[in-house]
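Grab a pencil and have a look at the model below. Can you work through a few exercises on what holds on to what?

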Amino acid sequence: MKKNYVKLRYQLDFRVFYNPRLSTEHKRIVRKIGKRSIFYDCCAGIGPLVLPVIRNGVHHVLANDLNPNCIDYLKRNMELNRVDGTDSAIIDSGFQYFNECRQIEVLKLNFCDFFTDKAIEHVVSGRPSRTLRNIEIAANPYISDYFMKGIKRIRGLQRAHFYFLPCVAQQTDALQSLKASLPCCRVSFPEIKEVGYGYGYNAEDSKLPFQ
């Protein structure tokens, strides 16, 4: 069973507690939580309050529940809104299906070397452009500076990591431009030293939000 709540999707079953009548109260609480707050929910359930707080931005979150089934579904729901295409064979036309996705927050496209600059148009023209918070692309031989310019149109990004993109001719300029256009986004584009994800040169780059 799945429930949509404040544009977030939740999985649950009869073994856990869920009360949709609390949604208004949850929204009120989320608006009061500051970006530097430490938020603790001792009865987190499947995450109807925890996940909106995380998505809204907070310094640290602690969550617990006496029901182990709730903890299991809380973990599932944190993974539910991510797309990991690492090592997949997705091509440009495949990106059009992302437009039908209600919520994508994390998009990992590492070692997906079949899509080109055309793919960014599908990403920025559909729903993902409004919900995407984290994008990661490593080892693609086709995308260029044009693709990087398109990334600037995803205004809600909080993290963007790129590595081993040989057709991006102006890597330094692309990095500076992204940082200027997306001041709230943590952007990383390390110099090529070896084939990989590019994490080794900045440990923080490998950390995803919402974990």
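What follows is a set of exercises, each with a worked solution.

Before you start, note that this is a predicted model, where local features need pLDDT of at least 70, side-chain atom pairs count only at pLDDT 80 or more, and totals for chains, interfaces and linings use all residues. Residues are numbered from 1 along each chain as its sequence is written, and side-chain values use heavy atoms, with hydrogens and water left out.

**Exercise 1. Find the residues that touch the most other members of the largest nonpolar core, and the elements that build this core.**

Step 1: A nonpolar core is a set of buried Ala, Val, Leu, Ile, Met, Phe, Trp, Tyr and Cys residues joined through side-chain atoms within 4.5 Å. Buried means under 20% relative accessible area, exposed means over 50%, and partly exposed is in between (1.4 Å probe, protein chains only).

Step 2: The largest core has 32 residues, and Phe115 and Phe162 touch the most other members.

Step 3: list the elements. Two or more residues each come from strands E6 (106–110), E7 (134–138) and E8 (159–163), and from helices H4 (119–125), H6 (145–151) and H7 (171–181). H4 gives the largest share, four residues. Helices (H or I, at least four residues) and strands (E, at least two) are DSSP runs, numbered from the N terminus.

Step 4: check what lies elsewhere. Apart from this core there is another one, of 13 residues, including Leu8, Leu12, Tyr73 and Leu74.

**Exercise 2. Work out which residues Phe115 touches, and which aromatic cluster Phe115 belongs to.**

Step 1: list the contacts (heavy atoms within 4.5 Å). Leaving out residues up to four places away in sequence, Phe115 touches Ile90, Ile91, Asp92, Phe95, Leu109, Ile137, Asn140, Tyr142, Ile143 and Phe147.

Step 2: pick out the ring partner. Rings of Phe, Tyr and Trp (its six-membered ring) pair if their centres lie within 6.5 Å; planes under 30 degrees apart count as stacked, over 60 as edge-to-face and the rest as tilted. The whole structure has six aromatic pairs. In one of them, Phe95 and Phe115 sit 5.1 Å centre to centre with 55 degrees between the planes, a tilted pair.

Step 3: Phe95 is in the loop between strand E5 (82–84) and E6, while Phe115 is in the loop between E6 and H4, so the pair ties together parts 20 residues apart in sequence. Both Phe95 and Phe115 are buried.

Step 4: widen the view. Phe95, Phe115 and Phe147 form one aromatic cluster.

**Exercise 3. Compare three salt bridges: where do their residues lie, and are they buried or partly exposed?**

Step 1: count. The structure has five salt bridges, each a side-chain nitrogen of Lys or Arg within 4 Å of a carboxyl oxygen of Asp or Glu.

Step 2: start with helix H1 (residues 23–32). Glu25 and Arg28 both lie there, three residues apart, about one turn of the helix. Their closest N and O atoms are 2.5 Å apart. Glu25 is partly exposed at 34% relative accessibility, and Arg28 is partly exposed at 36%.

Step 3: go to helix H3 (residues 68–79). Asp72 and Arg76 are four residues apart there, so about one helical turn separates them. They form a salt bridge at 2.9 Å between the closest N and O atoms. Asp72 is partly exposed at 33%, as is Arg76 at 37%. Arg76 also lies over the face of Tyr73, 4.5 Å from the ring centre; this needs CZ of Arg (or NZ of Lys) within 6 Å of the ring centre and within 35 degrees of the ring normal.

Step 4: finish with the strands. Glu136 and Arg159 meet in a salt bridge at 3.1 Å, N to O. Glu136 is in strand E7 and Arg159 in strand E8, so they tie together parts 23 residues apart in sequence. Glu136 is buried at 0%, and Arg159 is buried at 1%.
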